[in-house]
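Please look over the sequence and the structure together before reading on. The paragraphs below are meant to be read with both in view.

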Amino acid sequence: MNNLTRESLPEAIRQIVHQQPITDMHTHLYPPEFGGLMLRGIDELLTYHYLVAEVMRWSDMSIEQFWMLNKQEQAEHIWQKLFLEHSPVSEACRGVLTSIQAMGMDMKSRDLNQYRQFCAALSAEEHINLLLQRSNVEHVVMTNDVFSTEERNVWLSGKSIDSRFHAVLRLDPLLNDYSRTKSLLQGWGYQVEEEWSEISQAEVRRFLLDWIDRMNPLYVAVSLPSTFVFPDDSDRSRLIADCLLPVCRERDLPFALMIGVKNKVHPALGDAGYYVGKAETGALEHLLMRYPYNKFFVTMLSRENQHELTVLARKFRNLMVFGCWWFLNNPVLIGEMTRMRLELLGTSVIPQHSDARVFDQLLYKWSHSKQIISDVLIEKYSDIADTGWQLEREEIERDVADLLHNNFWNFLSKKLR
Ligand code: HDL
Ligand code: ZN
């Protein structure tokens, strides 16, 4: 055993966290086999929807005019307004700078063309390999929307997929817009009827099982509004109770619920137009209590829900809390949430996911989060060292491996019956 002194602790923890490979359990990244869905490079980084929301606060252009620009022009407008005319101190702006720096580029020039040339000189495969290696991300978990024609066609083509990438069956259109999705299912040969009959239920289950067989997903996921209730007299509740939960249980797949979105409060902004709402955790309590043999990954979008969610995980071992999602993925909130989770749950939590859409974002999302996770761990290990508890390097390595990958994989294989 390798004892750590109080003095050597901070440096040792930073090193351990830095060296630990990551399983990124929720991203919107794709390998090159998915063609145009795979995003990389400076223009994609700059037109990330987080920055579209920010640029509109300074821009004298309307959002409609902004969307008329081509990608490069949009990137230039964002660079001009958010980086040159004002200092890029927001987390999303800082992220672009961290990513540029981590690729070893000279920050002094502030010349977008230099960054463009750097990315263009790399093939997609070379670029991805470099980014995965520099960010130390070993496994990338995707978000696979089988209702998107582009994505569906890739799966139907039967292409084999880079083994570092893992599928997730994402079902927002099914659960949040069933009245419209029904006709898609019918068009694909599933005999769902107008009413919620035995036949409709069996056909939705057949649809789910077909896609599970085709994609081999690690889990099934949905993003839900802050008004989510369960059970109630809705298509969504019927689908969850009669199809989703039985299929997930049969195939031993966790169901991931991402709760707290307020649908486009400003639709013209596109992906940047969503807002956040505090949800009731009653629906979750019901699911956890009533379905003890189903496993649930849960993240919530509202800061106000974090304490309840963390306490709920003390009650139910079939709940794994994960990530600091979207508007919570900012240093001040990551610090607060990680501290609270460790204080209430020890290391039985998945502290972060990247939600990256552009490959280069892995560099900043993970380096910023690892820095905060390290700070919190230093504080927590120092506190127990103060009691006279002997800290062993191997034990800290074990804990950090739990946080950054093992808790995810162990939860997938956890047997509840
Ligand atoms: O629903 C989700 O998975 C969200 O993460 C959204 O896609 C959102 O647009 C996002 O990228 N947030 O980080
Ligand atoms: Zn996401």
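This is a predicted model: local features need pLDDT of at least 70, side-chain atom pairs count only at pLDDT 80 or more; totals for chains, interfaces and linings use all residues.

Residues are numbered from 1 along each chain as its sequence is written, chains are lettered from A and ligands numbered from 1 in the order in which they are written, and side-chain values use heavy atoms, with hydrogens and water left out.

The protein has 18 helices and twelve strands, where helices (H or I, at least four residues) and strands (E, at least two) are DSSP runs numbered from the N terminus. The C-alpha trace spans about 65 × 60 × 40 Å along its principal axes. For 417 residues, a compact globule would have a radius of gyration near 22 Å, and the protein agrees with this because its own value is 22 Å; the radius is taken over C-alpha atoms, and the globule rule is 2.2 Å times the number of residues to the power 0.38. Of the 417 residues, 55% are buried, a term that means under 20% relative accessible area, with exposed meaning over 50% and partly exposed in between (1.4 Å probe, protein chains only). The protein exposes about 18,100 Å², of which carbon and sulfur atoms supply 49%; accessible areas come from the Shrake-Rupley method with a 1.4 Å probe, and for residues only the protein chains shown count as cover. Among contacts (heavy atoms within 4.5 Å) with a separation of 6 or more, 78% are between residues 24 or more positions apart.

How do two of the helices meet? The axes of helix H12 (residues 198-215) and helix H13 (residues 235-251) come within 10 Å and cross at roughly 35°, the axes being lines fitted to C-alpha atoms over the stretch in contact, with angles running from 0 to 180 degrees between N-to-C directions. From H12 the contact draws on Gln 201, Val 204, Arg 205, Leu 208, Leu 209, Ile 212 and Asp 213, and from H13 on Leu 239, Asp 242, Cys 243, Leu 244, Val 247, Glu 250 and Arg 251. These residues divide into eight nonpolar, one polar and five charged, where Ala, Val, Leu, Ile, Met, Phe, Trp, Tyr, Cys and Pro count as nonpolar, Asp, Glu, Lys and Arg as charged, and the others, Gly among them, as polar.

In the loop between strand S7 (220-225) and H13 lies Pro 231, which is joined to Phe 230 by a cis peptide bond with omega of about -5°.

Asn 136, in the loop between helix H8 (124-135) and strand S3 (137-141), has a positive phi near 60° although it is a residue other than glycine, and it is partly exposed, with a relative accessible area of 24%. Asp 355, which is not a glycine, has a positive phi of about 60°; Asp 355 is found in the loop between helix H16 (331-345) and helix H17 (361-385) and is buried, with a relative accessible area of 7%.

Val 349 is also found in the loop between H16 and H17, and at 2% relative accessibility Val 349 counts as buried. Leaving aside residues up to four places away in sequence, Val 349 touches Met 320, Val 321, Arg 341, Leu 342, Leu 403 and Asn 407.
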